[in-house]
Amino acid sequence: MKLSQVLVSTLWLLLLPISHGQLYQRNTPFPYLRITPMVRSRVASRLSAASGTTAAPFITPSTTRRPAAPVTQNTGFTLRPENDSKISQVVTDFMMRISRTLWHRHSKTELFSPVSIITVANLLYLGSDGITHAEFGDVLTPSSMNWKQMHQRYGKVLANLVASEPVDSRQDPWRRQTCPQDNDYEDEPSTPAPKSQIIRIANGIFYQKDLPMRSNYIRLAHSIYGARVQPIDPQNSGASTAMINKWVSDVTAGKIRNMIEGTLSPSSSVIIANALYFKAKWKTNFEPLVTRDAPFFPDGVDGPSYRVKMMSLTGCLPFHKTRDAMEVSIVGLPYRDDTSTMYLIQPANSNRTAIRRLQASLTGKTIDSWIGQMKLQSTMVRMPKMHLKNSIDLLKSFQQLKFNSILSPSKSNLSKMIDNTGTDQKPYVNQILHKLDLKIDEEGTEGAAATSALLDRIGPQKQFNGNAPFLIYLRHDATGLPLFYGPIFDPR
C-alpha cells in the first residue's frame with residue numbers, strides 16, 4: 001500500500017549585476033528578466049584556503065580579456081557527515097527571525113525553506129569581505145566559532161543531511177518510547193517498510209564567462225558545498241536560461257521547470273542557485289477513504305469557513321500540549337525512514353491573530369523543548385490535503401535583518417568572489433528568488449476498509465484538528481535542520 005508522501009522543492013537564485021553594467025562596458029539596464037516574487041537570504045562567512053592564506057586571483061591582471069575559470073561538476077558533498085548542534089541552532093534562530101519579517105495581512109501561507117536560504121547565504125558569505133562579511137558574520141556565525149570553522153561545520157552537517165544513513169546523535173525522547181499495546185494493532189505487519197525518503201541538495205554558480213572569478217572561491221564552493229560552477233555566455237542568454245532551468249528541473253524532479261522566465265540581461269553577472277528536493281512517505285498513513293469535504297475556519301470557528309479536502313488518521317504519534325495560556329498543541333507525523341518529521345503546531349482556538357501571537361514569542365529553543373516533552377500516544381489528526389506553491393519577496397526582510405551593504409552598489413564587498421581590481425564598480429545583490437512547491441496528500445486504497453474500521457474502533461486520547469490555521473515545521477531530526485517552516489492560513 002502506498003503511504004502518504006510530501007513533495008517539496010525550493011530554489012534560490014541570486015542575480016549579482018555589476019553596477020551600471022560597467023564591468024563589461026555595457027550600459028544595459030536590467031529589463032529583460034521577468035521573475036516571480038523572490039526571497040532574500042543571508043550569508044554566513046567567507047572562507048580562505050585551508051591553510052588560512054588567500055589564493056592569488058585566478059585571472060591574471062591584464063588589459064586583455066581574462067580567461068574563464070574551469071567548469072566543475074557537482075559530485076556531491078565530500079566532507080565527512082557530522083552533526084553540530086550550534087549550526088542547527090543558528091539555522092533555527094534565523095528561521096524564526098526571517099519568519100517574523102514575512103507577515104502579511106492577507107497571505108495564504110508564508111512557507112519557506114531555512115536550509116535553502118542559509119545555503120545560498122553561505123555561498124555569498126564565502127565570497128564576501130569587509131563590511132559585507134561582518135554583517136553576515138554577526139547573524140550566522142555562532143559566537144564560539146570563527147567563519148572558517150562555521151563553513152567547514154555547516155558543510156559537514158549538510159553532508160549528513162543527504163547521507164543515506166545519517167548520523168543521529170539527537171534521539172528525541174519520543175523516538176525511544178514504544179506505543180501502548182492495543183489489540184487493534186495485532187494484525188499490522190511488524191516488518192519495517194523499505195526506506196523511501198529522498199533529500200537532494202544542489203548548489204550552482206553560473207557566471208558570465210569573461211567575469212574574473214577568483215579560483216580560491218571556486219575551489220572552496222565546490223569542496224565544501226559541492227557547488228557546480230559553470231560559465232555562461234552573455235551573448236546567448238536564451239541558451240543560458242534554458243541550461244539553468246534544466247538544471248533546476250533535473251534536481252527538483254520536474255517540480256520547478258521554469259525558474260527563470262524570460263531571458264537573462266547582459267548585466268546579470270552571477271547567478272547563485274540552490275535547489276532542495278524532499279520526498280518521503282508517512283510512517284502512519286492517512287486513509288484516502290476517510291478524506292472528505294470539511295470546513296476550514298481561517299478566522300476561527302466563530303468566523304466564516306470554506307470547504308477543503310480534510311484528511312484523517314488515528315495512530316500512535318508523538319504529541320504534547322502546553323499548560324500555559326495559549327495551550328499549544330504539537331503533534332509529530334514521522335516519515336517512514338525515521339529521520340524526518342513534520343510537526344504541526346496550533347494554539348487553542350486558533351485563528352490568524354492567535355498564530356501571530358504565537359509566532360511573536362516562539363523561539364527555536366521553545367520548539368525543541370516541546371519536542372523533548374512529546375510522548376507517543378493514541379492521537380487523532382485531521383489535516384487539509386494541500387498542494388501549495390509559494391513565491392516570497394524578501395527584499396524588505398533582508399533590510400530588516402541588517403543585511404544592507406550587499407544590496408548597495410557603492411557598499412557591497414564581494415571581492416573574495418570576484419576580482420574587480422581596476423574598477424570602481426562593485427557587484428551587488430539585485431534579486432534573490434525563492435520558489436516552493438509543497439504537496440501533502442495520501443495515496444492508495446489497498447487495505448482501506450480495515451483501516452477505516454480501525455479509525456472507528458480506536459478512541460483517541462489526544463486530538464489535533466487542522467480545521468483552523470496552524471504552523472508547519474518540517475525538521476530533519478537527525479541533524480536538527482529545519483527544512484520547511486511557516487504558517488498555513490489558507491490550504492486551498
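**Exercise 1.** Which residue forms a salt bridge with Arg-475, and are the two partners buried or exposed?

*Solution.* Step 1: a salt bridge is a side-chain nitrogen of Lys or Arg within 4 Å of a carboxyl oxygen of Asp or Glu. Arg-475 has such a contact with Asp-477, and their closest N and O atoms are 2.7 Å apart.
Step 1: buried means under 20% relative accessible area, exposed over 50%, and partly exposed in between (1.4 Å probe, protein chains only). Arg-475 has 0%, so it is buried; Asp-477 is buried too, because its value is 1%.
Step 2: a network of salt bridges with shared partners includes Arg-475 and Asp-477, together with Asp-172, Arg-175, Lys-283, Asp-338 and Asp-368.

The model is predicted: local features need pLDDT of at least 70, side-chain atom pairs count only at pLDDT 80 or more, and totals for chains, interfaces and linings use all residues. Residues are numbered from 1 along each chain as its sequence is written, and side-chain values use heavy atoms, with hydrogens and water left out.

**Exercise 2.** Which side chains meet Glu-82 in salt bridges?

*Solution.* Step 1: Arg-80 meets Glu-82 at 2.4 Å, N to O.
Step 1: Lys-156 also meets Glu-82, at 4.0 Å, N to O. This pair links distant parts of the chain, 74 residues apart: Lys-156 lies in helix α4 (residues 147–161) and Glu-82 in the loop between β2 (33–34) and α1 (85–100). Helices (H or I, at least four residues) and strands (E, at least two) are DSSP runs, numbered from the N terminus.
Step 2: Arg-80 is exposed because its relative accessible area is 58%. Glu-82, at 26%, is partly exposed, and so is Lys-156, at 22%.

**Exercise 3.** How many bridges pair strand β15 with β16, and in which sense?

*Solution.* Step 1: two strands pair if DSSP finds at least two bridges between them. β15 (residues 470–476) and β16 have 7 bridges and are antiparallel.
Step 3: in β16 (residues 481–488), 8 of the 8 residues are buried, so the strand is largely enclosed by the rest of the structure.

**Exercise 4.** Which strands pair with β8?

*Solution.* Step 1: β7 (residues 292–296) is joined to β8 by 5 bridges, antiparallel.
Step 1: β11 (residues 375–384) pairs with β8 over 10 bridges, also antiparallel.
Step 2: β9 runs antiparallel to β8, with 3 bridges. Phe-319 stands opposite Val-331 in β9 and opposite Lys-375 in β11.
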